[in-house]
Amino acid sequence: MEMIIKAILIGIGATIIMDLWAIFLKTFFNIPSLNFSFVGRWIGHFAKGKYMHKNIAIATPVPGETAIGWMAHYMIGITFSILLVLIWGEQWTVSPTIGPALIIGIGTTVAPFFLMQPGMGLGIAASKTPKPGVARMRSLMAHTVYGIGLYLAALLLTLIY
């Protein structure tokens, strides 16, 4: 149970670091981040059996979509952190290294490229966006920062847990 608690705390910390990165990009470079309302709208339509949209922005809004999107964001961050700890073991939480954290962080880019973006009508790996290369690079950067966040959150946890 202790291992799961550590993984949850690391996942929350890593996701916060990812969000701070998004705030940094928005504040200093006016680069918008992912709209979590659209994520919540996409997920909200699952209950109706709708997994693919032509354009999530014009899909019917879902009550509580913003909260759903943000909750999903953190639950996904926690889930990938649990995956890291399951693969590399509890010892990684005691003595974290950057390699496994980056492997998981960068590897999580598969989720938006092949699940979320196609489901929201943006195509595989953002192929239907106006600037697919830019969208791909932003996803890769955000998920790399998440990986760095996994490492930093685990390091912090070693100091306080």
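Visitor: At what N to O distance do the side chains of K6 and E90 meet in a salt bridge?
Guide: This is a predicted model, in which local features need pLDDT of at least 70 and side-chain atom pairs count only at pLDDT 80 or more, while totals for chains, interfaces and linings use all residues. Residues are numbered from 1 along each chain as its sequence is written, and side-chain values use heavy atoms, with hydrogens and water left out. A salt bridge here is a side-chain nitrogen of Lys or Arg within 4 Å of a carboxyl oxygen of Asp or Glu. The side chains of K6 and E90 meet in such a bridge, and their N to O distance is 4.0 Å.

Visitor: How many residues apart in sequence are the parts that K6 and E90 tie together?
Guide: Helices are DSSP runs of H or I with at least four residues, strands are runs of E with at least two, and both are numbered from the N terminus. K6 lies in helix α1 and E90 in helix α4, so the pair ties together parts whose separation in sequence is 84 residues.
The relative accessible area of E90 is 32%, which makes it partly exposed; buried means under 20%, exposed over 50%, and partly exposed in between, with a 1.4 Å probe and protein chains only. To return to the separation asked for, it is 84 residues.

Visitor: Which residues do salt bridges that share partners join into one network?
Guide: K6 forms a salt bridge with E2 at 3.7 Å, N to O, as well as the one with E90. E2 and K6 are four residues apart in helix α1, and therefore about one helical turn separates them. K6 is buried at 8% relative accessibility, whereas E2 is partly exposed at 41%. The network formed through shared partners consists of E2, K6 and E90.

Visitor: Which helices hold R41 and E65?
Guide: The side chains of R41 and E65 meet in a salt bridge at 2.8 Å, N to O, and both residues are buried. The pair ties together parts that are 24 residues apart in sequence, because R41 and E65 lie, respectively, in helix α2 and helix α3.

Visitor: With which residues is S37 in contact, leaving aside its neighbours within four places in sequence?
Guide: S37 lies in helix α2 and is buried, with a relative accessible area of 16%. Contact means heavy atoms within 4.5 Å. Leaving aside neighbours within four places in sequence, S37 is in contact with E65 and T66.

Visitor: Is V94 buried, exposed or partly exposed?
Guide: V94 is found in helix α4, which spans residues 90-94. Beyond its neighbours within four places in sequence, V94 is in contact with K6 and T158. At 48% relative accessibility, V94 is classed as partly exposed.

Visitor: What is the relative accessible area of L84?
Guide: L84 has its place in helix α3. Apart from neighbours within four places in sequence, L84 is in contact with G89, W92, P100, A101, I104 and L150. L84 is buried, and its relative accessible area is 1%.

Visitor: Which element supplies the largest share of the lining of the largest pocket?
Guide: On a 1 Å grid over the protein atoms alone, a pocket is an open set of points where a 1.4 Å probe fits, with protein on both sides within 12 Å along at least five of seven lines; lining residues have an atom within 4 Å of a point. Of the 48 residues lining the largest pocket, S33, L34, M116, Q117 and S139 are the closest to its centre. The elements that each supply at least two lining residues are α1 (2-29), α2 (36-44), α3 (65-88), α6 (110-119) and α7 (132-160). The largest share, eight residues, comes from α1.
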